[in-house]
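Thank you all for making time this morning. I would like to walk you through one protein model, going from the whole chain down to a few local details.

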Amino acid sequence: MDTHRLLLPRVILAALTATVIGGALGLSFALTWLSALLACEGLARLVTRRFSPGVPGSFALRAGFVLAALPINITWAWLAATLWLSTTADLKLTAVAIWAGQIVYTQNFRHQPWTLIAVSGVAPLTSLILFPFFFYGAQGTGPDTARWGLLIVALSTINTMIANRAAARRMDELTHRLREERERALEATRAKSTFIAVTSHELRTPMNGLLGMAHALSRSDLNETQREQVGLMIRSGDSLMQLLNDVLDLSRIEAGKVELVPEPFNLEDAVHDILNAWRDVAVLKNIKLTTRFDPEVPTWILGDVLRVRQVLTNLISNALKFTVTGGVDLQVYSPRPAVDGQHAIFFAVRDTGPGVPPEAAGRVFESFTQADDTISRSHGGAGLGLTISRALARQMGGDLTLAPSESGACFVLSIRAPGAEPQMPADLVRGSEPCMTSVRILMAEDNTINQLVVRAMLEATGLSLTVVDNGQQALEAMARGGFDCVLMDINMPVMDGITALQAIRSGTAGDPNLPVIALTASTMAGDRERFLNLGFSDHLGKPVKPAALIQAIERAISPDGSGRNALHDAA
């Protein structure tokens, strides 16, 4: 409560006042007044000790609080009255100052009930009116002007108190409405997050079956027409998953849950890798795809390479999509020296397409918005890529802007990142790798389709796969021993994956350090970190691609890289 928070300043003020008046009214009176005031303050503190912050008090508590304020105000008014009635005429000004101070302090209670304001203000206001008119013997123009002036002050103060109380009530009502609106907004956000999480989970399970079987089918003996049809299935599924991932990214960004993972990486290699991934598309459309890497740009930086790739991939994809003739150019430059070790790095993606109309320049970064309504029909897309890319760019200390261009469009991505020491290639660190002849994998998965998908993905690798339907069966299989790695679903009947992991790590099912990979449709913000903190060796979100699955198994069973060639050769 405010009265508790202001107790110490009130006591200090009272002590200073007693010191000052001691010279005018005597030390004994000053000590008597100070003792009385401290007793009143103690009584008020005793009455209000049962109040809790943010919890409305009962009627009895509120009434006690109001009545406890009355002795304090009477004690101050008594001091002012004694000063006014003193034989020293100059002390009347001190009395007026004390009454005015009481009135000013009363404004602290403008959010409290009227009764408290009345109890706190009645003594000083009454004194300002009564004492000048009935206890002031001086006559003449000057004294009369002072009397009526103090009356006007008292009446103006009452009017101001009423206005302040009304404004405080309006503020309280507005604050209450804002809190209600905030709660409704938070509830809507929670409902949206829950809906997105459930939708993501339910979509990823069947998509895992669709894409997994399509990838397995693509490795079988197909003729050219069939291979083209399977490729179309995979590309269509990937497009659907990209849309789902965009919606998830947007949800994470809005919730402020996107976390960057900085690591040293070769910026030039990363840029060339991105361009190489799109060269086939450029060749197919007969479009030039060029890059310029200015010498001022640091080769190695510390940053989130996955997010940089995500933004640049989106920009190059858009540029190729809208360009019919001409080319797409990516320029990387750093126009100024590093400040506090941070390099400002710019990526300008220019194309020779139709460009962005000036009236649409402000809309292209809005969610679910295209520069023209016809674009989504002719080129596809949900209008989320640039929204997400700009948010990621700003999180990386930069921005994503649309720069003026004589022809086509020019999007400029900027990031801030410190330089990093060159890293030795992983192959050189590992040296020679022994061949791995046999690996046994245990998978706990209750969905039959997902079981078939993983079996089809690992079939060509020569790995031995044992499948069980739940965590309990996984523990029983592990107790018999012989497995090198476990693929664990999370939501399963009988025993879920987290409970099974706890049993594994406790040593009740054999080796407690056996690698366990979470293979789940739970891919919301923070899910990966949550599973790793629970003790999983790795996390894979469904739908999983064959290469990602094999790489995860490689990392799990051979943290030093041993066996990598064996798996890749088998795949």
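Predicted model: local features only at pLDDT ≥ 70, side-chain atom pairs only at ≥ 80, totals over all residues.

Residues are numbered from 1 along each chain as its sequence is written, and side-chain values use heavy atoms, with hydrogens and water left out.

Of its 571 residues, 42% count as buried, that is, under 20% relative accessible area, with exposed meaning over 50% and partly exposed in between, for a 1.4 Å probe and protein chains only. If we take the contacts (heavy atoms within 4.5 Å) with a separation of 6 or more, residues 24 or more positions apart account for 67% of them.

Turning to the sheet, five strands form an open arrangement in the order E9-E8-E10-E11-E12, with parallel pairing; two strands pair if DSSP finds at least two bridges between them. Strand E9 (464–468) and strand E12 (538–541) stand at the edges with a single partner strand each, so one side of each is left without a neighbour in the sheet. Within the sheet, strand E8 (residues 440–444) pairs with strand E10 (residues 485–488) in the parallel sense over four bridges, and Leu442 has Val486 in E10 as its bridge partner.

Next comes a helix pair: the axes of H14 (residues 448–459) and H18 (residues 546–557) come within 10 Å and cross at roughly 75°, the axes being lines fitted to C-alpha atoms over the stretch in contact, with angles from 0 to 180 degrees between N-to-C directions. That makes H14 roughly perpendicular to H18, a term that covers 65 to 115 degrees. Which residues of H14 and H18 meet? On the H14 side they are Val454, Met457 and Leu458, and in H18 they are Pro546, Leu549, Ile550 and Ile553.

Finally, I would point you to Phe322, which lies in helix H10 (residues 305–322) and is partly exposed, with a relative accessible area of 21%. The C-alpha atoms of Phe322 and Gly355 are separated by 8.3 Å, although these residues are 33 residues apart along the chain.

Technical notes: Helix = DSSP H or I, 4+ residues; strand = E, 2+ residues; numbered from the N terminus. Parallel < 35°, antiparallel > 145°, perpendicular 65-115°, else oblique.
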